[in-house]
Amino acid sequence: MTGSPTISLEDFDAFFAAVNNGHPPHPWQRELAECVASTGRWPQAITAPTGSGKSAVVDIHVFTVALTHQPGHPGLRAPRRLFHVVGRRALVDDVAVRATRIQALLVRARGAKPDGVLGRMALILSGLSLDDDALKVSVLRGGIVPERGWQDDPVSCQVICATPDMAGSRLLFNGYGSSVGMRPREAGLMGYDTALVIDEAHLNRQLLHTANQVSALAGESPLAETVPALQLVQMTATPTVEGAEVLGVSVEDVHSGRAGEQLKKRLSRPKPVTLHEEDVWLSGAAKAAAKTAVGRICDLAQDAVKQGLTPVGIVVNRVESAVDLHAEVAQRLGEDGAVLLVGPRRRWEHVQDASVEAPLVYVATQTIEVGVDLDFGCLITDLAPGAALAQRAGRLNRTGSRPTAPMHVLCPENVTALKDKEALPYLVPDLVAAVEWLRRRSSDPRGATPTAVMEDPAPSPAPRRLAWSTLDYARAGLLSRTSETMAVTPELGFWLRDELSEDADVTVFGRRLPRVAESDEAEVDLMEAAALLKSTPPQPLEAYPTSIRQLDRLLGQKGAPSVVLVQRRGEWSAWSVGSGGGLMAGDIVCVPAAWESTQSAVLMLDGSEPVGDVLTEAGAETGVKHVVLATGVSSPGVPDHVRRSLLGICAELQDEAGEVTLDDVHDRLVDRGQESWLPELLWGHIGSAEGAEVTVTVGGRSAEAPDQVAWVVFSAVRDPAADDELLTDTSPRQEVTLASHQQAVGRRARDLAARLRLPVALQDILGAAGDHHDDGKADPRFQEWLCQGTARSDEPMAKSALARLPQRQAGFLPAGWRHEQMSVAVAWARNSDLDPLTLRLIGTSHGRGRGIFKSGALQLLHGSEEPAVAEAARELYDAGLWDAWVDATDIEWGFWGIAWLEAVLRAADVTISKEGR
């Protein structure tokens with residue numbers, strides 16, 4: 001292949017088949033690709049019945065970005081980022097799996113066949129990215145630590161999979177689980193060059209309403225003339241925006257053949273419906289009745305298995321019911337005969353279930369309603385609102401490979417007599433409407449086949465709110481002041497949720513935490529536990545998704561741990577049960593591994609199994625692999641006397657050398673004749689010894705065992721890039737002078753601006769901001785902190801050569817002092833011609849100063865500055881000029897526009913820092 005690689009719209013079918021096991025696209029998918037490719041815009045709505053392949057929006061996004069961003073493309077360009085939002089944690093993961101598969105295929109194709117469509121696309125997409133990645137995939141959902149890294153790259157093709165709260169909170173400058181400095185960057189990047197696809201839009205109408213308002217506000221910025229403002233796509237069977245541009249599949253398309261023969265077969269095969277009102281209703285049933293119902297449901301499942309209608313899907317409305325049913329089915333069919341699929345289940349167990357080949361029965365909750373690639377031969381489901389039942393029916397004979405597939409609906413004997421509590425998590429009127437619809441479907445031989453449902457639409461749940469909340473300009477401005485401490489934290493649910501009483505997600509995981517002494521009865525050493533958790537952050541596989549309400553109930557019951565640890569805004573702290581401080585959405589909660597509160601890997605009120613600790617196994621999925629040993633905590637595979645000896649060795653090495661290495665630990669163990677267990681433990685948990693780089697991190701001294709460190713971690717991967725503040729101030733690879741760092745950031749900012757095709761004037765502004773963003777680091781007090789007694793260069797340094805700065809900045813500088821605040825004063829004093837936008841970007845380059853800085857000129861200055869710098873600081877921070885500049889640039893560029901510019905500048909800084917420059 002010669003010259004630059006190119007692709008055309010005619011390559012779409014080949015690409016689609018390559019990433020979908022040879023299957024060609026449906027006509028509507030091809031039409032969607034043509035629409036985005038020709039206009040650079042996504043339609044406002046995608047309407048297609050379940051089973052039509054709506055998850056292919058990921059494929060279409062990747063293809064259209066490659067097509068419209070290839071060099072020389074004359075038309076409009078598709079947004080670089082796709083936020084795919086769906087209100088089920090498991091479905092978020094499924095979309096991520098699809099995107100990750102495409103990512104892997106692109107990587108493989110680039111190395112193997114660069115002349116094929118995948119290889120050419122990989123080369124084009126890699127050319128967009130700073131780090132040569134063809135596609136980046138991130139996950140943001142409750143139940144796992146929010147992924148970061150996507151915020152550092154404004155130019156590459158990305159797929160971000162998120163739940164409504166996690167996406168919506170970021171759009172509103174207050175990302176759940178995000179740091180203060182990260183929040184404006186996330187909001188800006190979502191506001192521009194992004195397509196926000198909201199699946200199940202009929203269940204997320206408030207988020208849809210809010211996102212439309214953000215898109216309108218972002219579109220008013222002059223930035224939108226160059227960078228497309230947020231594009232919103234609702235994906236549902238029924239669009240909720242009047243006059244929306246709609247693309248998808250209609251019943252006429254199916255009957256006329258325009259939808260294609262394959263889709264016609266899939267959407268037309270009968271799914272006869274049978275209503276069961278003979279005492280098989282589980283929701284709200286008393287224990288004795290529930291036990292009877294479980295037995296009868298299992299009888300139905302076994303009958304279906306005997307008829308060969310496998311796999312059988314059993315879908316119930318409550319997690320407790322699903323756990324009980326799964327236990328009974330597993331007892332009848334064997335552990336490998338049944339798989340449990342519930343949103344609150346720990347992902348480690350889901351991975352174990354993935355090894356079960358062709359299970360006979362899946363027991364699930366609402367988590368399977370959208371996106372899950374399952375193909376049931378028979379469906380047994382609890383009564384639910386009509387729209388939910390239609391979604392569940394979409395898992396039945398999904399591929400259309402069977403001539404027919406039955407659907408059994410479990411109903412109460414008299415639905416109109418239900419009490420509100422018995423109907424939970426739904427409302428009685430919605431269930432009554434569903435039964436009326438089901439009676440029509442059961443009398444029709446086609447049953448719940450998609451074409452029949454399109455002709456007789458399932459009733460949607462009634463809105464839980466009388467009116468949608470409006471995000472006006474003033475409230476948007478208040479939310480954008482991310483660095484100011486509000487008297488009252490804004491309640492984002494007001495703008496994000498269809499039901500204000502809806503619960504929010506938190507993450508829970510278990511750990512064996514260090515104790516204050518060598519005793520099983522000793523208390524947890526809270527300070528060292530927090531330090532350990534910062535060194536070994538929770539991994540996705542070890543997290544239990546749950547809600548604040550459920551966790552509050554669990555922590556309030558007898559036998560709950562008296563103290564737990566909570567991470568909020570990146571910091572771990574002890575949290576006492578019943579202390580009065582409530583948990584917040586996005587909190588990450590660590591509990592002792594021995595706490596008995598789970599059943600089948602689900603946190604439950606009557607759970608009798610321990611939470612457990614699967615850190616080592618969980619790390620295996622992510623490539624971050626740890627072995628942890630701690631004071632007072634027995635470790636599998638390590639005798640207690642050897643564990644204590646190792647902790648003592650680490651204390652000795654820390655005293656003697658100030659650092660601990662694997663070689664030194666091994667040598668000391670050899671001296672004591674205790675080295676035999678170490679290779680087996682490390683390589684058994686971390687992986688092959690060949691080519692492995694294992695770092696050793698140790699804690700402080702144990703409180704009541706001072707001859708030991710409280711904990712030691714052997715890690716195969718250590719990633720300081722996860723800490724923005726660490727990147728800002730340290731460079732373990734080499735010393736970095738202030739001049740060289742700022743020159744590199746300025747060049748990178750100009751390069752990013754050019755890649756984003758910004759006007760030359762904006763390229764210059766961003767470049768100048770990069771040239772001066774760290775001017776304030778030349779302050780002698782800041783330089784003393786960076787060096788901390790080590791040899792100093794003749795030039796001011798941008799970063800310390802120390803891996804960590806043991807003494808905090810507060811020991812050298814006033815509390816609240818910020819180098820970027822000083823940078824504005826220095827840059828303006830030395831060049832009064834700098835554009836106010838340049839100075840604004842310098843000051844807010846780390847997400848602070850978005851409104852006011854905490855320090856006035858007196859606290860900021862050290863007393864020996866140039867007189868012009870001192871005068872500039874007083875005018876900026878005492879006379880109020882900085883506040884005026886912030887207001888003026890907010891008005892001119894808009895809240896999301898200025899945040900996007902800040903994100904580009906910060907991306908330049910972060911990527912240069914990651915390169916050790």
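Modeller: The account below starts with one residue and then moves to other parts of the chain.

This is a predicted model, in which local features need pLDDT of at least 70, side-chain atom pairs count only at pLDDT 80 or more, and totals for chains, interfaces and linings use all residues. Residues are numbered from 1 along each chain as its sequence is written, and side-chain values use heavy atoms, without hydrogens and water.

Take Asp153. This residue sits in the loop between β3 (136-140) and β4 (158-162). Helices (H or I, at least four residues) and strands (E, at least two) are DSSP runs, numbered from the N terminus. Asp153 has a relative accessible area of 4%, so the residue is buried (under 20%; exposed is over 50%, partly exposed in between; 1.4 Å probe, protein chains only).

What does Asp153 contact, leaving aside its neighbours within four places in sequence? Its partners are Arg81, Ser129, Asp131, Lys136 and Gln158 (contact means heavy atoms within 4.5 Å). Lys136 belongs to the range of β3, and Gln158 to that of β4. The Asp153 side chain also reaches the backbone nitrogen of Val155, at 3.1 Å.

Phe173 and Trp896 form an aromatic pair, 5.2 Å centre to centre, with 50 degrees between the planes; the pair is tilted.

Another pair is Phe494 with Trp495. Their centres are 5.3 Å apart and their planes stand at 85 degrees, so this one is edge-to-face. Phe494 is partly exposed, at 35% relative accessibility. Trp495 is buried, at 8%. The structure holds 15 aromatic pairs. Phe12, Phe15, Phe16 and Phe63 form one aromatic cluster.

Next, helix α14 (residues 386-393). Eight of its eight residues are buried, so the rest of the structure largely encloses the helix. Among them are Leu389, Gln391 and Arg392.

Now an open sheet. Its three strands run in the order β22-β24-β23, with antiparallel pairing (two strands pair if DSSP finds at least two bridges between them). β22 (626-630) and β23 (695-698) are the edge strands, each pairing on one side only. The twist averages 15 degrees from one strand to the next. Axes are lines fitted to C-alpha atoms, for helices over the stretch in contact; angles run from 0 to 180 degrees between N-to-C directions. Five bridges join β22 to β24 (residues 711-715). Val627 has Phe714 as its bridge partner in β24. Helix α20 (residues 526-535) packs on this sheet and touches β22, β23 and β24. Its direction makes about 5 degrees with that of β24.

Finally, the whole chain. The secondary structure comes to 35 helices and 26 strands. Of the 917 residues, 58% are buried. Among contacts with a separation of 6 or more, 73% join residues 24 or more positions apart.

Technical notes:
A polar contact is a pair of N or O atoms within 3.5 Å; within protein, one must be able to donate a hydrogen and the other to accept it, and residues adjacent in sequence count only if both atoms are side-chain atoms. Rings of Phe, Tyr and Trp (its six-membered ring) pair if their centres lie within 6.5 Å; planes under 30 degrees apart count as stacked, over 60 as edge-to-face and the rest as tilted.
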